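Please look over the sequence and the 3D structure shown below before reading on. The paragraphs that follow move from a few terms and overall figures to particular strands, helices and residues.

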Amino acid sequence: MQTVPLLGGLTSGQAAERLQLDGPNVLPRPRRTSLGRRLVRELVHFFAIMLWVAAALAFVARLPQLAVAIILVIVLNALFAFLQETRADRAAERLSTLLPSRIAVLRDGTRLLVETTTIVTGDLLLLSAGDRVPADGIVARATALRLDTSLLTGESVPTEADVADQVFAGTLVLEGDADVTVTATADRTRLAEIARLTTSEPKPMTPLTRELRRVVRTIAAIALGAGLVFFAITLALGNPPADGLIFGIGVMVALVPEALLPTVTLTLAWGAEQMARRHVLVRDLEAVETLGSTTFICTDKTGTLTRNEMTVVEAWTSLGTASTSDAGYAPTAQVTYSAGDGARESIVELARAAALSSDGYAHLADGQWVAHGDPMEAALDAFAGRVGVPTGRLREQRPIARFPFDPRRRVMSVVVDGQVLAKGAPDAMERICGAVPAARPVVTDMAARGLRVIAVARRTIADVPRTWAEAEADLTLLGFLALQDPPRTGVRASLDDCRRAGIKVAMITGDHPGTACAIADQVGLREPAGRVILGEDLPAGERELGALLDTSGIVIARVSPEDKLRIATALRARGHVVAMTGDGVNDVPALHAANIGIAMGASGTDVAREAADLVLLDDRFESIVAGIELGRTTFVNIRRFLTYHLTDNVAELTPFVVWALSGGSFPLALGVLQILALDIGTDTMPAVALGAEPPARHLLDRPPVSGRLLNGMVLRRAFGILGPVMSAASMLAFLVTFLVSGWRPGDRLPGGSTLLAASGAAFITVVLAQMANAFACRSSTLWPGALGWRRNRLLIPAVLVGLSISLATLLVPPVAEALGQAPPPLAGWLIGAASIPLILGVDAADKAIRARRRSSTGGGRGEH
């Protein structure tokens with residue numbers, strides 16, 4: 001025990017004055033967007049504003065049915081997006097949960113339990129095992145004080161603190177007790193600095209958000225421009241302004257895929273559900289696609305690449321050795337002993353001494369062996385059980401004196417059962433026990449393999465020593481125990497997948513560089529010439545830092561929260577889509593700054609999970625890779641249903657083009673309400689099913705899918721191939737209906753019931769062609785038969801539902817009358833049915849031609 005003179009803490013009056021001056025000991029809470037403002041935001045984005053304008057113009061043109069229909073589309077889309085919107089970023093707010101509600105202090109010379117919000121600078125905290133430190137301070141007195149600081153530092157090994165050492169808010173007292181003088185509270189603590197880092201930069205815009213904004217603005221600009229052009233054409237033909245408004249609105253509605261944004265949201269929700277089945281919990285829907293765009297993964301070591309549980313894997317004594325399987329804390333694993341007289345007995349003696357000098361132990365909880373207390377000591381206890389030591393009875397032998405671990409002497413010792421038992425760093429124990437020449441190569445070999453080596457020694461005594469110097473003298477070395485935090489199975493294969501997929505991976509940890517390097521080598525993360533860099537050696541400049549780190553297989557050890565934040569920012573500045581893993585408070589700023597933050601679900605903190613976009617429920621690195629595959633699938637699927645939506649937009653626009661080219665003499669084949677019925681009723685379900693297309697097998701065999709959603713392939717297929725074919729079939733059905741009714745070229749086109757039937761023929765032709773188009777859009781390179789007609793289990797039911805809705809709007813008289821259509825004659829039905837093989841045939845021919853071209857030029861596979 002170490003002490004310094006105490007000042008007796010504060011008086012109640014002094015504490016009240018300082019509380020009035022400094023304010024309560026609470027962390028600042030971030031401002032959050034209100035629910036009302038979020039809903040309004042969904043009602044006034046660019047797409048919505050354009051539709052509001054269309055609804056207003058419909059009212060002006062005295063078309064209240066159309067106006068109401070458009071408003072209904074806007075409101076439903078907004079409500080859907082609002083309900084699906086993910087949580088606001090509450091990471092800094094949740095940091096306050098790390099502070100306890102009550103703590104013991106010394107005031108007026110008396111020990112009191114007070115609310116932590118009333119702690120002030122100068123208070124004397126009376127800490128004991130299990131307490132969470134509520135403020136920053138300096139240790140005034142300490143007895144065997146050990147702290148868990150991993151949430152702040154990332155260091156997995158418990159920290160010993162002594163007199164004059166600094167302790168920080170949010171850390172946990174594992175052992176011992178201490179008096180701590182408070183030096184900083186509230187927003188002046190180290191914990192608050194991390195909270196400020198969390199909110200110092202806005203969350204970067206996701207690639208999907210950027211692309212959707214670009215697509216929406218492009219389509220909206222085209223729709224608005226085309227609407228104005230048709231309005232002008234209408235006026236130029238001598239039609240009244242009201243007719244011009246109708247046509248202008250019709251063109252805008254025809255070009256806008258009203259169901260696009262809800263379909264995107266549903267696709268992301270489906271992707272999130274599939275990720276959950278692979279143990280990845282999605283907290284932000286757009287993170288589904290962002291993960292697929294990842295080009296750089298910054299992964300922690302402990303708990304992600306390793307299992308976050310210490311295990312004794314080797315033991316050495318002068319008489320023999322032992323090794324055990326990697327079995328965590330289970331005391332039932334088999335131990336293999338070397339041959340030789342006394343080998344087994346010496347290992348048992350070594351294990352018994354190590355366990356007897358430890359407080360931590362392994363115990364069974366919910367069917368699993370877990371650590372109680374220090375994980376290293378629990379591993380020693382588990383090993384003792386494996387070699388036959390009765391650890392339960394052993395724990396009943398309480399030490400009569402304890403000399404805690406000191407970072408300067410790097411040894412701890414206890415007095416128990418008439419002997420001194422000590423354990424510590426091998427070089428420190430060598431100074432106590434004397435050199436053992438045969439032991440040095442053993443220690444060197446174990447350390448080189450990334451194992452943590454503990455030396456154990458003992459001495460029989462007659463009198464109880466009063467100081468550690470008396471206890472830790474003339475000891476006899478019993479042997480060495482080598483521990484490791486085992487790498488997770490499957491990590492090496494997942495890292496190979498990352499390299500094949502064009503994704504760089506770096507280890508970023510607060511641990512010792514030797515340990516980090518050994519684990520990186522064991523799992524195959526470090527390249528043959530991979531560098532190991534300390535956080536303190538990182539360049540100060542963002543450009544220099546990014547250039548240094550922009551390589552795969554690099555290891556950065558002893559990093560601070562500020563380092564991780566700078567790393568994420570520097571890599572983003574170089575154009576990378578950065579995924580950052582983390583489990584502690586120290587990881588929160590970097591999780592927030594990365595394009596996608598990934599927290600640990602099993603071993604992580606609530607704060608890290610709140611800050612993250614994704615949570616790994618099983619903490620496994622390979623779950624990240626599985627999520628990347630699904631994310632890439634989501635991006636490709638959005639392109640699929642974007643092609644699907646835009647194809648029938650071409651067919652919907654064609655009647656207006658024909659009307660304009662005819663100078664207004666050719667009637668409209670499709671009206672505005674029919675177009676809305678196609679976009680909302682017919683297209684939505686198949687589009688959602690396309691968003692659930694299963695992953696292609698080759699998605700991880702190439703760099704991330706990139707480029708624009710509205711790329712050349714989408715435009716070519718929608719506007720150059722599928723759209724024109726669908727338009728031609730629809731207009732043919734319209735004309736044939738007139739022909740079978742007796743109309744001949746040169747005659748005046750009939751109106752009334754014949755026009756309604758012709759419009760119904762055009763409508764059902766678009767519906768049936770879209771059925772075929774849904775299957776054609778499953779791939780940009782393969783025809784549906786090559787994919788398997790039932791591989792996408794949602795598509796056939798979705799197409800049937802869409803067809804049922806369309807038939808109802810056509811065959812139910814009141815609905816058909818409201819939309820301005822009627823059931824077509826047999827010829828119209830036949831042309832509609834013929835559009836199905838027509839679409840599939842043209843699509844297959846186009847894909848075959850492109851496949852031959854790729855094969856002749858040596859091009860790679862499409863995106864499937």
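Two strands are said to pair if DSSP finds at least two bridges between them. Strands here are DSSP runs of E with at least two residues, while helices are runs of H or I with at least four residues, and both are numbered from the N terminus. The model is a predicted one, in which local features need pLDDT of at least 70 and side-chain atom pairs count only at pLDDT 80 or more, whereas totals for chains, interfaces and linings use all residues. Residues are numbered from 1 along each chain as its sequence is written, and side-chain values use heavy atoms, with hydrogens and water left out.

Taken as a whole, the protein has 32 helices and 26 strands. Of its 864 residues, 55% count as buried, where buried means under 20% relative accessible area, exposed means over 50%, and partly exposed lies in between (1.4 Å probe, protein chains only). A contact means heavy atoms within 4.5 Å, and among contacts between residues at least 6 apart in sequence, 74% join residues at least 24 apart.

Strand 22 runs parallel to strand 23 (residues 554–557), to which 3 bridges join it, and Ile533 has Ile556 in strand 23 as its bridge partner.

Which residues of helix 18 (residues 491–500) are buried? They are Val491, Ser494, Leu495 and Cys498. Because these residues cover an arc of only 100° around the axis, they lie on the same side of helix 18, the arc being that of the directions from the helix axis to the C-beta atoms. The buried residues of helix 18 pack against strand 10, strand 21, helix 19 (513–523) and helix 24 (621–661). After helix 18 comes Gly502, whose phi is positive, near 75°.

Another part to follow is strand 11 (residues 311–317), which is largely enclosed by the rest of the structure, because 6 of its 7 residues are buried. Strand 11 pairs with strand 20 (residues 476–484) in the antiparallel sense over 5 bridges, and there Val312 stands opposite Leu483. Strand 11 also runs antiparallel to strand 12 (residues 320–324), with 4 bridges joining the two, and Glu314 stands opposite Ser323 in strand 12. With 2 residues between them, strand 11 and strand 12 form a hairpin.

Finally, consider a single residue in a loop. Gly360 lies between helix 12 (343–356) and strand 14 (361–365), and Gly360 is buried, with a relative accessible area of 6%. Not counting residues up to four places away in sequence, Gly360 touches His372, Asp374, Glu377, Ala378 and Asp381. The C-alpha atoms of Gly360 and Ala379, which are 19 residues apart along the chain, are separated by 8.3 Å.
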